[in-house]
Every structure is written in structure tokens, then in C-alpha cells.
Amino acid sequence: MEFSDVVRHRRMVRNYTDDPVDQATIDRIVAYGSKAPSAGFTQGQSFVVVTDAATRGAIAELAGEASYVEQGFDPWISKAPVHVVVCVSETAYHRRYQESDKTDDQGKEIEWPVPYWWVDAGASLMMLLLAAVDEGLAAGFLGVHSIPGLRDQLHIPGSVDPIGVVTLGHPALDRRSGSLRRGRRPHDDVVHRERW
């Protein structure tokens with residue numbers, strides 16, 4: 001698939017068929033996620049791949065899927081055959097930026113004007129979303145703020161922060177988010193040339 005087609009077809013999907021996703025496809029998608037850029041080549045991103053139905057169901061329960069379904073939506077979290085939990089380690093970035101090739105003139109770690117570990121996790125997230133489309137699949141995303149207890153459920157160490165769950169599967173008809181009514185901002189409102 002051409003890159004422009006991948007971008008054009010990427011959207012958050014919240015309903016999947018019962019068709020399984022083969023392991024080789026899952027592996028390719030996650031491999032793309034691990035190739036996202038990272039500040040100082042820290043590679044602080046990591047992934048927990050969940051295909052077990054009981055664990056997916058437990059994640060859906062933690063996320064309050066029953067309440068979501070009561071609002072007329074499909075049970076997309078539990079129904080998605082694959083969950084990829086995107087994680088990042090802030091500690092890894094501090095450790096990397098204390099190495100001699102990354103310290104300032106006084107040998108100290110930089111002042112972080114932006115927490116680039118979150119930027120890098122977002123880059124991995126987008127790679128997963130685009131890779132899913134390229135594989136002919138659909139993907140959605142649920143932020144970790146909606147899933148209290150995810151760390152404990154998946155035994156994620158304290159030095160690693162989960163940012164959310166990418167759901168993967170074969171798309172089924174779904175109810176589109178009401179947020180889409182807003183439409184995209186006009187190009188000229190988003191892109192500025194030479195200066196704001």
C-alpha cells in the first residue's frame with residue numbers, strides 16, 4: 001500500500017470482527033513500533049502484546065467497557081483480538097543523558113525543555129497505527145488514564161510507564177465518534193510559513 005493511502009485510511013476503529021490476527025502480522029506491526037525515533041537513540045519505548053482473551057477481558061473491565069457499551073457503542077476493547085500496550089521509561093532517558101556524549105559542558109544532564117520520552121512514545125504509537133493499516137487491519141487507541149490498574153494487571157515494572165492500549169484487528173462496522181463532527185481544522189490554520 002502506498003504511504004499516502006495508509007495515511008488516508010488511518011482512523012481510530014472501535015469494533016472488530018472475530019477473525020484472528022496471525023502472529024507474523026502482529027510481530028511485523030510491533031517491530032515497526034520499535035523502529036520509531038527516540039531522543040539520543042535511548043530506545044526507551046517498550047510494548048506488551050496481549051492476545052489472551054481473558055487478559056483482554058480484564059483490561060476491558062478495568063477500562064469500564066460495560067459503561068461504554070451501555071451508551072450504545074460496540075465492546076471494542078474486549079473484542080479486539082490484539083492489544084499492544086505502549087510503554088516508555090523516563091528513567092532510561094535520564095540514564096542516557098547522563099552519558100558523556102549527551103551531558104552539557106559541565107558534565108551534567110540537560111535541562112529537559114520537553115519530556116521527550118512522551119514524544120517518543122507517541123512516535124511509536126503512530127508507527128503501530130500506520131503499520132496496522134499497511135497490514136490491512138484496523139487500530140484504535142485507549143489512553144492509560146482510562147484504565148486504572150493496567151500496570152498491576154500486566155505486571156509492568158515501576159520504572160516503566162504505560163501510556164495506553166492500541167487495539168488491533170480486522171475492522172467491523174462501528175459507530176463513529178461524535179468528536180468527528182468538528183471536522184479537521186483548515187490547512188491554513190494549521191500550517192504557517194516562515195513565521196506564525
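## The central strands

Strand β1 (residues 45-50) and β2 run antiparallel and are joined by six bridges; two strands count as paired if DSSP finds at least two bridges between them. Helices (H or I, at least four residues) and strands (E, at least two) are DSSP runs, numbered from the N terminus. Within this pairing, F47 stands opposite V86 of β2. Strand β2 is also joined to strand β4 (residues 161-169) by seven bridges, and these two strands run antiparallel. The bridge partner of V84 in β4 is V166.

The model is predicted: local features need pLDDT of at least 70, side-chain atom pairs count only at pLDDT 80 or more, and totals for chains, interfaces and linings use all residues. Residues are numbered from 1 along each chain as its sequence is written, and side-chain values use heavy atoms, with hydrogens and water left out.

## The setting of β2

Why is strand β2 described as largely enclosed by the rest of the structure? Seven of the seven residues of β2 (residues 82-88) are buried, so the strand is largely enclosed. Buried means under 20% relative accessible area, exposed means over 50%, and partly exposed lies in between (1.4 Å probe, protein chains only).

In a regular strand, side chains alternate between the two faces of the sheet. In β2, V82, V84, V86 and V88 point one way, while H83, V85 and C87 point the other way, and all are buried.

## Helix α3

Helix α3 (residues 53-62) has R56, I59 and A60 buried. These residues lie on the same side of α3 because they cover an arc of only 100° around the axis, the arc being that of the directions from the helix axis to the C-beta atoms. On the other side of α3, A54 and E61 are exposed. The cover over the buried residues of α3 includes β1, α4 (65-70), α5 (76-79), β2, α8 (150-154) and β4.

The N-terminal end of α3 is capped by D52, which has a side-chain oxygen 3.2 Å from the backbone nitrogen of A54. Just after α3, G64 takes a positive phi of about 70°.

## Nonpolar cores

A nonpolar core is a set of buried Ala, Val, Leu, Ile, Met, Phe, Trp, Tyr and Cys residues joined through side-chain atoms within 4.5 Å. The largest has 26 residues, and those with the most contacts inside it are I29, V84, V86, Y93, L128, V166 and L168. At least two residues of this core come from each of α2 (23-34), β2, α6 (90-96), α7 (116-134) and β4. Helix α7 gives the most to this core, with seven residues. Apart from this core lies another, of 21 residues, including A60, Y68, L154 and V160.

Residue I29 touches L128, A131, A132, E135, L137 and L168, not counting residues up to four places away in sequence. Contact means heavy atoms within 4.5 Å.

P115 lies in the loop between α6 and α7. At 35% relative accessibility, P115 counts as partly exposed. The C-alpha atoms of P115 and E90 are separated by 8.3 Å, although these residues are 25 residues apart along the chain.

## The chain as a whole

The protein chain has nine helices and four strands. Along its principal axes, the C-alpha trace spans about 60 × 45 × 30 Å. Of the 196 residues in the chain, 38% are buried. Among contacts with a separation of 6 or more, 79% are between residues 24 or more positions apart.

How values were computed: Polar contact = N/O pair within 3.5 Å; in protein donor to acceptor, adjacent residues only side chain to side chain.
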